[in-house]
Amino acid sequence: MNKVLLIIQREYITRVRKKAFIVMMLAVPLLLAGMTKLIAYVAKDSDQVSKPQTIKVIDESHQFEGKLKNAKNILFVPTNEPLEKAQAGLKDNEDLSILLISKDYAHKPVQFLSKKKPSFALTGEVENQMNKIASTNTMLANHIDTALINKAQKNKVSVSAMEVTETGTKDADVGTSMGVGIACAILIYMSLFIYGAQVMRGVIEEKTSRIIEVIISSVKPFQLMLGKIIGVGLVGLTQFTAWIVLSVIVTKAAGNGPAGGILGALQTLQNIPFGYILGCFLFYFLSGYLLYSALFAAVGSAVDSETETQQFMFPITLPLLFTYLLAVTVLFRAPDSPLAVWLSMIPFTAPVAMMIRIPFGGVPAWQLGLSMFLMVAGFLFTTYIASRIYRVGVLMYGKKASYKELVKWFFYKE
């Protein structure tokens, strides 16, 4: 046990002392605050046309004459000139377009002609205006009072989701739950890859430099692997803790400044059981990391360079990648669906799938307990398999490993 603790201490101190660790720990909260402000600034006018555009309108139907309204950087110019003559003007002017409206515009697509491909913002603005005008024309033709329709459309219904508890009702805040769930899934997914890869690279580095031969003379291979995995895991926890603390400090200090958006997001977390979610996040981060990093360590011990890891990495990471893609596209829409429940039970997919479900609440205690039990059992099982391969692989040099070779290593006797 003392030897494992020494390995943990060595791995932890070696990585924490690196300049890259200090820079990442301090820079990430500041970058997050800056990116939030930058995204808000860029997205502010993203739905607007950036360059002034002149659109010549050739309206053969005469249903849109004088009804298209100029918008920001968009100028509609009605014209009766022939299409061929209007098209000639496009050759030397990228800021000029032609809107050709046929007599039978309801059945024949309206053509938007320009020298280069128009932006979605430009065609979207034209399409929205034309749809409104066409709808109004249809209502007038059928003697429908458009003013009454417009008045009725202003009466929008807003649904407020409420959660019934033993103490009363409270705001369900579905948007916050969805955001927290997706954020947790992304963090789990990224961290398992980042810190698992650190374990693998560390094993490869020590193996190729022959340092591992000296270490193995003092400790057992299993002790070395376990100490390396736990040491890197503690580094990850240190970074997560520092990021959370520094992010809160930065957003509090910034107030309505560059990080004001993050501060508002943090305030919405008061509506959800933050402590419960954080506890589950730490458990699934640790258990998922321990499960995957054991396999990463086994892969690192089986190869002599990082370029040789690809054939072994894909089968290991495929369940995680599959669940991540489902999490950000499907699972957050139906967190209690049979697919989400099954994925949150399987150890290889549970870290991502369960963290999507937990912020929404309603995960039965037996499902959470079973999932956690299976995660621990999965970690012990993968650690056993990885240690059997690791004890042989770390001392193998110059021989390319295959799946057949790994099976042989697993069954070698002590």
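**Entry 1: a threonine to start with**

In which helix does Thr383 lie? I found Thr383 in helix H14, which covers residues 365–393. I kept in mind that this is a predicted model.

Next I asked myself: is Thr383 buried or exposed? Its relative accessibility is 5%, and the cut-off for buried is under 20%, so Thr383 counts as buried. Then I looked up what Thr383 touches, setting aside its neighbours within four places in sequence. The contacts are Phe222, Met225 and Ala294.

**Entry 2: helix H13 and its cover**

I moved on to helix H13, residues 350–357. How many of the residues of H13 are buried? The count came out as 8 of 8, so I noted H13 as mostly covered, with buried meaning under 20% relative accessible area. The list runs Ala350, Pro351, Val352, Ala353, Met354, Met355, Ile356 and Arg357. I was pleased to see Arg357 written down there as buried.

**Entry 3: H13 against H11**

One helix I checked against H13 was H11, residues 310–327. The two pack at an angle of about 20°, and their axes are 8 Å apart. Angles under 35 degrees count as roughly parallel, and that makes H11 roughly parallel to H13. The crossing of H11 past H13 is left-handed.

Which residues make this contact? From H11 I wrote down Leu320, Thr323, Tyr324 and Ala327, and from H13 Val352, Ala353 and Ile356. Sorted by class, the contact of H11 with H13 has 6 nonpolar residues, 1 polar and no charged.

**Entry 4: H13 against H10**

I then turned to helix H10, residues 274–302. The axes of H10 and H13 come within 9 Å and cross at roughly 170°. Angles over 145 degrees count as roughly antiparallel, and H10 and H13 are therefore roughly antiparallel to each other.

On the H10 side, the contact is made by Ile277, Cys280, Phe281, Tyr284 and Gly288. On the H13 side, I noted Ala350, Pro351, Met354 and Met355. The classes for the contact of H10 with H13 are 8 nonpolar, 1 polar and no charged residues.

**Entry 5: the sheet**

In what order do the 4 strands of the open sheet come? I read E2-E1-E3-E4, with mixed pairing. The edge strands are E2 (74–78) and E4 (111–114), each of which pairs on one side only. Neighbouring strands are turned by 25° against each other on average, direction ignored.

I went through the pairs one at a time:

- E1 and E2 pair in the parallel sense over 5 bridges, and Lys56 stands opposite Val77 in E2.
- E1 and E3 are also a parallel pair, over 6 bridges, and Asp59 stands opposite Ile101 in E3.
- E3 (residues 96–101) and E4 pair in the antiparallel sense over 4 bridges, and Ser97 stands opposite Ser114 in E4.

What packs on this sheet? I found helix H4, residues 120–141, touching E1 (53–59), E2, E3 and E4. The direction of H4 makes about 55° with that of E2.

Terms used. Residues are numbered from 1 along each chain as its sequence is written. This is a predicted model: local features need pLDDT of at least 70, side-chain atom pairs count only at pLDDT 80 or more; totals for chains, interfaces and linings use all residues. Side-chain values use heavy atoms; hydrogens and water are left out. Axes are lines fitted to C-alpha atoms, for helices over the stretch in contact, and angles run from 0 to 180 degrees between N-to-C directions. Angles under 35 degrees count as roughly parallel, over 145 as roughly antiparallel, 65 to 115 as roughly perpendicular and the rest as oblique. A crossing is left-handed if the near helix is turned anticlockwise from the far one by less than a right angle, and right-handed if clockwise. Contact means heavy atoms within 4.5 Å. Ala, Val, Leu, Ile, Met, Phe, Trp, Tyr, Cys and Pro count as nonpolar, Asp, Glu, Lys and Arg as charged, and the others, Gly among them, as polar. Two strands pair if DSSP finds at least two bridges between them. Buried means under 20% relative accessible area, exposed over 50%, partly exposed in between (1.4 Å probe, protein chains only).
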